[in-house]
Amino acid sequence: MALAEGTEITLDELRLAARNHAMPLEALRWPVTPVGLHYLLIHYDVPLVDPERWALEVGGAVERPLVLALDDLRARDTVELTATMECAGNGRALLEPRPISQPWLTEAVGTARWRGVRLAELLEEAGPRETGVDVVFAGLDRGVEGDVEQRYERSLPLAEALESGAVLAYEMNGAPLPPQHGFPLRLVVPGWYGMTNVKWVSAITVVTEPFAGYQVASGYRFRQSEDEEGRPVTRMRPRSLMVPPGIPEFETRARILDVGRVLLQGRAWSGRAPIERVEVSTDGGSSWGDAELTRDLEGPWAWCGWSFPWDAVTGDHVLCARATDATGDTQPLEPEWNLGGYENNAVQRVRVLVR
């Protein structure tokens, strides 16, 4: 994959790319992504949090407001959620013209085991009033975006917050959350794109009107122009990614492999329904064959594995994989352009030289 000519990365994009990072695609070999390889996007700054002074406040339109220390949360019944998380802007850099923001290719994804308490448990204990409409999650990170000074805030409809299986996580892969992943507490909403999974959560507020904060009303909306209201970006669309076969050329990352039988492998996921089918093409999408699926993780929210044997012959080849979920949604061959560069789940193309 390469950017089109004349679309050089700007210094601002380079600064973003240097502080955020993608998951190397060879890490698709692990069912659960090692913490240091999981994709990472930090909107503003990583806050320095004193866990002894930190507290979570649950309030707003509730009957019984709560103030909980980290030890209070750890003393409650725990739940573990294995979930795949993907950035809504994954694939943005492959759009033409390229939306100017974090220049993701296809690697902004990861799967982790999140341990914490059920969001629904805390909300039910607080007792949302009948007038409650949305639940707002506020992080400790602050910045300016769209000329608006703000803390990072996202919302969920109250019914979704209660029924989604969301977890307030204080552990990732069996260890305390690292600072960059939201220590001491982050929200994990299975199936939703990563922007919903607020880090460094310190306040949960039930509000009586639809939340109109920047990250919901202005950011993360699928639209063609600034004048268009668009629709909100919510759940992950189906996607399949391939473990890069062979070995890489250092500068270009072009793949090189030898003639013979190759087992192509990868992962596929969707935030809307389980993956039902993965197809693989070794001729750039002209023909397709079904891959074998492997369900090696429990629960409905983690990616599944797939494999496909290929008898590689000498020459240049373009390998592709496309996923279909249980709703019948299939990855498109070409992306749909939009202003923010969101939801680009177009089929991945991997160029290889067989020698």
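Which residues does Arg267 touch, not counting residues up to four places away in sequence? The close-ups below come from a predicted model.

**View 1. Arg267 and its contacts.** Arg267 sits in strand β16, which spans residues 260–269. Leaving out residues up to four places away in sequence, Arg267 touches Leu28, Arg29, Trp30, Pro31, Arg239, Ser240, Leu241, Asp296, Trp303, Cys304, Gly305 and Trp306. With Asp296 there is a side-chain to side-chain polar contact of 3.0 Å. Arg267 has a relative accessible area of 5%, so this residue is buried.

View 2. Three aromatic pairs occur in the structure. A pair of aromatic rings is described by the distance of the centres and the angle of the planes. Tyr39 and Trp104 form one of the pairs: their ring centres lie 5.9 Å apart and their planes stand at 80°, so the pair is edge-to-face. That pair gets its own view below. For Trp269 and Trp303, the ring centres are 5.9 Å apart and the planes meet at 55°, so this pair is tilted. Trp269 belongs to strand β16, whereas Trp303 lies in the loop between β19 (292–294) and β20 (304–312). The pair therefore ties together parts that are 34 residues apart in sequence. Trp269 is buried, at 2% relative accessible area. Trp303 is buried too, at 1% relative accessibility. Trp303 is also among the residues that Arg267 touches.

**View 3. The ring pair of Tyr39 and Trp104.** This is the edge-to-face pair, with planes at 80°. Tyr39 is in the loop between α1 and β1 (56–60). Trp104 is in the loop between β3 (79–86) and β4 (109–118). The pair thus ties together parts that are 65 residues apart in sequence. Tyr39 has a relative accessible area of 6% and is buried. Trp104, at 3% relative accessibility, counts as buried.

**View 4. Pro238 in its loop.** Pro238 is in the loop between β12 (231–232) and β13 (239–242). Its relative accessible area is 0%, so Pro238 is buried. Pro238 touches Trp269, Ser270, Ile275, Ala323, Asp325, Asp329, Thr330, Gln331 and Asn345, not counting residues up to four places away in sequence. Trp269, one of these contacts, is also a member of the tilted ring pair.

**View 5. A nonpolar surface patch.** Ile9, Leu11 and Leu14 make up this patch. Together they have about 290 Å² of accessible area. Leu14 is part of helix α1, residues 11–19.

Conventions
Residues numbered from 1 in each chain as written. Predicted model: local features only at pLDDT ≥ 70, side-chain atom pairs only at ≥ 80, totals over all residues. Heavy atoms only, no water. Helix = DSSP H or I, 4+ residues; strand = E, 2+ residues; numbered from the N terminus. Buried < 20%, exposed > 50% of the residue type's maximum accessible area, 1.4 Å probe, protein only. Polar contact = N/O pair within 3.5 Å; in protein donor to acceptor, adjacent residues only side chain to side chain. Contact = heavy atoms within 4.5 Å. Patch = residues over 30% accessible without salt bridge, like charges linked within 9 Å, V, L, I, M, F, W, Y side chains within 5 Å. Areas by Shrake-Rupley, 256 points an atom, 1.4 Å probe, with all protein chains shown as cover. Salt bridge = Lys/Arg side-chain N within 4 Å of Asp/Glu carboxyl O. Phe/Tyr/Trp six-rings, centres within 6.5 Å; stacked < 30°, edge-to-face > 60°.
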